[in-house]
Amino acid sequence: MERPKMAELESLETAAEHERILREIESTDTACIGPTLRSVYDGEEHGRFMEKLEARIRNHDREIEKMCNFHYQGFVDSITELLKVRGEAQKLKNQVTDTNRKLQNEGKELILAMQELRQCRLQQRNISATVDKLTLCLPVLEMYSKLREQMKSKRHYPALKTLEHLEHTFLPQVSHYRFCKVMVDNIPRLREEIKELSMSDLKDFLESIRKHSDKIGETAMKQDCRFNQWKIIARIFFSLLLSPNVQAQQQRNLDNIVSQQPRIGGGKKSKKEFSASSELEVKNTSPMSEQDSGILDVEDEDEEEEVPGAQDLVDFSPVYRCLHIYSVLGARETFESYYRKQRRKQARLVLQPPSNMHETLDGYRKYFNQIVGFFVVEDHILHTTQGLVNRAYIDELWEMALSKTIAALRTHSSYCSDPSLVLDLKNLIVLFADTLQGYGFPVNQLFDMLLEIQDQYSETLLKKWAGVFRNILDSDNYSPIPVSNEEVYRKIVGQFPFQDAELEKQPFPKKFPFSEFVPKVYGQIKEFIYACLKFSEDLHLSSTEVDDMIRKSTNLLLTRTLSNCLQNVIKRKNVGLTELVQIIINTTHLEKSCKFLEEFITNITNVLPETVHTTKLYGTTTFKDARHAAEEEIYTNLNQKIDQFLQLADYDWMAPEPGSRASEYLVDLIGFLRSTFAVFTHLPGQVDVHSTMSGKVAQTACMSACKHLSTSLLQLLLEAEVRQLTLGALHQFNLDVEECEQFARSGPVPGFQGDTLQLAFIDLRQLLDLFIQWDWSTYLADYGQPTCKYLRVNPTTALILLEKMRDTSRKNRFRPIPEKRAGQAEVDRHRGQAAARPHQQPPLLRGSGSPSPRPGLQESRWERRFVFFYSPGKSPRSLPPPTAKRSRWNNPGKKRWWQESTG
């Protein structure tokens, strides 16, 4: 059962495969049937496939036979109809033949009449030719007489035309006459005379347009300026209707255009009309026009009238006459070569800038006018003459002019230090480029050069604004702005984006937290942005490019110019702490205003900050850096003040007894610190901003001052000049340190947790406690342990201080050892009674070399050993190192202390 079923399945698959191959053969091109047939022969069933193929062929034959049987009757009918048509065509042919024969018979009479008419016309033409030959002599004589009159009146162009007509029209007809031969002999001489006179007129024309090219260029630029102004006004009004968020900037542009309008004289022609009018041919061939120099007088025209075009200012007839004369005389190439050579020389003269061109805008304007005038003339010649100048020649001149102009502008613009002059120069270059672009000259390189000048413009702006910022910062009083009424309040809020609900609720008079330089600096930054925007106008830049340019320039202003000005103010010698605190507040507000500057730039450029590749403003970093510099300057100034007070310290290091109170210099120093930190505490402004900011600064400054004070006091003890030290001096020094600790405990600046501020004096406190209490047994026993009572006492420091006191003990051999107290309360009590209890000089050793027992206390073996080490005449560095055999050195802390203190 399995095997027959498998065979049946294989048979079905083979049949399906053969069917697919047959369909593929029917639908595939004959050239591509090879792979299909190969697949048949690759299998084992090709015999069955051939049977299938034969069956398919028989099928198709039957279908073809059916189709032929179906259409056979129609074929028979068509043949029958065709036989009928053949009979009718034969009849039609016979009729046409009869009609033609009749027409030929009827037309014989007409042909005879036409031949007679032709003969009459021939006779008439012969008679007319005879009359013409007889009358040719009189016109020749009249034409020659007219030629002589034109030559006599110096009308060379009509004379040349007359001569041309005479030579080519009249004289050939009567050349066999004797008088005609005389005329022919005089023609070359007349032509040479006309040629020389026309060349003289051309030279006068070239000299004239060289002198007046600046006037021509000025006129062309006025027309372009007028045309561009109306385009800008239309665009601004359109944008005012569609984009209310840019109305302020567009209104500013409109005001600038209106303000410039009276200064720009011009006509009413549009740019298109002016270009179209330059296509006109000069038709004036009167005797008066032949004697013109080439430039018409337009100086007396009213500025409100139409601005004349190049063809109105210049009479090009000398060029046209000379060109035609030389063309007629067969010397056109000579004339073209001479004209181009002379114009190249004039171009080189025009492109040579004056040495002082950079001093004023008029120098640049005259330079541009001459170049524009030169190319306006050449463009007119190009379009009104055929081949005198061609586009290749014009392009060659323009390439030379463009390279020299750009080189001259780069050189001379580098001398400009006034941003207004650079901006006017940019506007002039744009007008220059737009004017020439209107005549079809490529000016992309000029706009590329303007992008280079933009960098220079930014530098000049930065220099100018550096002076503006310096004046603002120098004239500021660094105190909050007082406001007496609502009008002043609204005015300042309008100048600077500041919102404070608490300040709004306060009655007048009240104060802004920042000083006057904040709204002034913010306003000047906006003015700088406007100045940058002015330069980007008419440069054919996209909004993204303008936005990127403005943001980069503004970043330079913030990170370099303003940052340097703020740093200079902060680093000034005469700046006080109050001013520095106000600078911190001001920079905080300016930092918060950076987002408004971002919005301001977005509004005037219509480029969203989320746009890809949009440059971000770095103002936040700038103001943070300035604030941190001010904070560092506060810390530095405080430390310098502390150093100045410490220079007044006059300790008597050999005093037998301490005074009753702290030193005067230290009392004054503490008073100065209290008053200084009170300034931080009473800073005006928002509670959630200024108090937090001032609190952090005050806490850091207070901690820095206390640490510096502690370090400086310790240095007083360790100075090399202090060779000897008494216990009385040490107690006096302890009173000063207690005054410092009292200052730290009083909380001069809120915000410290617990005794955090007192930790600044912990090193000094532990060192003084060690020496005043003479608690060496505890120190040496606990040394190196994390819970050591005198953990912050450096062994080297303690050793130096011991050396100073040992030198004093050589003069006094008595040492009172203070009673050992248990607990911190006992230590505090001892400190409080230190000023009331008499103090004696603490000699380290008695005369016998061993310490006396202290009343009520048992002296430790280590303390006796320590005192022995510091006997007179012995040095701890000269003693042998402790060994394991000595039981008193078995304590690891004591061994470590000894190793560190003895090096």
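Reader: Among contacts in the chain with a separation of 6 or more, what share comes from residues 24 or more positions apart?
Author: Happy to start there, and please keep in mind that this is a predicted model. The chain has 903 residues, of which 44% are buried. Of its contacts with a separation of 6 or more, the share that joins residues 24 or more positions apart is 79%.

Reader: How many helices and how many strands are there in the chain?
Author: The chain exposes about 49700 Å², with 53% of that supplied by carbon and sulfur atoms. As for its secondary structure, the count is two strands and 32 helices.

Reader: Which residues touch the most other members of the largest nonpolar core?
Author: In soluble globular proteins, nonpolar side chains tend to be buried together. Here the largest nonpolar core has 181 residues. Those touching the most other members are Phe368, Ile634, Leu713, Phe733 and Phe771.

Reader: Which residues does Leu713 touch, not counting residues up to four places away in sequence?
Author: Leu713 is among the residues that touch the most other members of the largest core. Leaving out residues up to four places away, its partners are Leu646, Tyr651, Tyr665, Phe733, Val737, Cys740 and Leu764.

Reader: How many residues are in the other core, the one that includes Leu160?
Author: That core lies apart from the largest one. Leu166, Met183 and Leu190 are among its members, along with Leu160, and its size is 19 residues.

Reader: Why is Cys180 too far from the closest cysteine sulfur for a bond?
Author: A disulfide is a covalent bond between the sulfur atoms of two cysteines. Cys180 is buried, at 1% relative accessibility, and the closest cysteine sulfur belongs to Cys137. A disulfide needs sulfur atoms within 2.5 Å, so the pair is too far apart for a bond, with a separation of 6.5 Å.

Reader: Is Glu336 buried or exposed?
Author: Glu336 sits in helix α12, residues 332-350. Beyond its neighbours within four places in sequence, Glu336 is in contact with Gly387 and Leu388. Its relative accessibility is 15%, and the cut-off for burial is under 20%, so Glu336 counts as buried.

Reader: What span should helix α11 have at 1.5 Å a residue?
Author: Helix α11 covers residues 317-328, which makes 12 residues. The expected span uses one less than the number of residues.

Reader: Which residues of α11 are buried?
Author: α11 is mostly covered, with nine of its 12 residues buried. Following α11 comes Gly330, with a positive phi near 80°. The buried residues of α11 are Ser317, Pro318, Val319, Tyr320, Arg321, Cys322, Leu323, Ile325 and Tyr326.

Reader: Which residues does Phe512 touch, not counting residues up to four places away in sequence?
Author: Phe512 lies in the loop between β2 and α19, and its relative accessible area of 1% makes Phe512 buried. Its C-alpha atom is separated by 9.5 Å from that of Asp500, 12 residues apart along the chain. The residues Phe512 touches are Pro480, Ile481, Val483, Tyr489, Ile492, Val493, Phe498 and Leu503.

Conventions: Residues are numbered from 1 along each chain as its sequence is written. This is a predicted model: local features need pLDDT of at least 70, side-chain atom pairs count only at pLDDT 80 or more; totals for chains, interfaces and linings use all residues. Side-chain values use heavy atoms; hydrogens and water are left out. Helices (H or I, at least four residues) and strands (E, at least two) are DSSP runs, numbered from the N terminus. Buried means under 20% relative accessible area, exposed over 50%, partly exposed in between (1.4 Å probe, protein chains only). Contact means heavy atoms within 4.5 Å. Accessible areas come from the Shrake-Rupley method with a 1.4 Å probe; for residues, only the protein chains shown count as cover. A nonpolar core is a set of buried Ala, Val, Leu, Ile, Met, Phe, Trp, Tyr and Cys residues joined through side-chain atoms within 4.5 Å.
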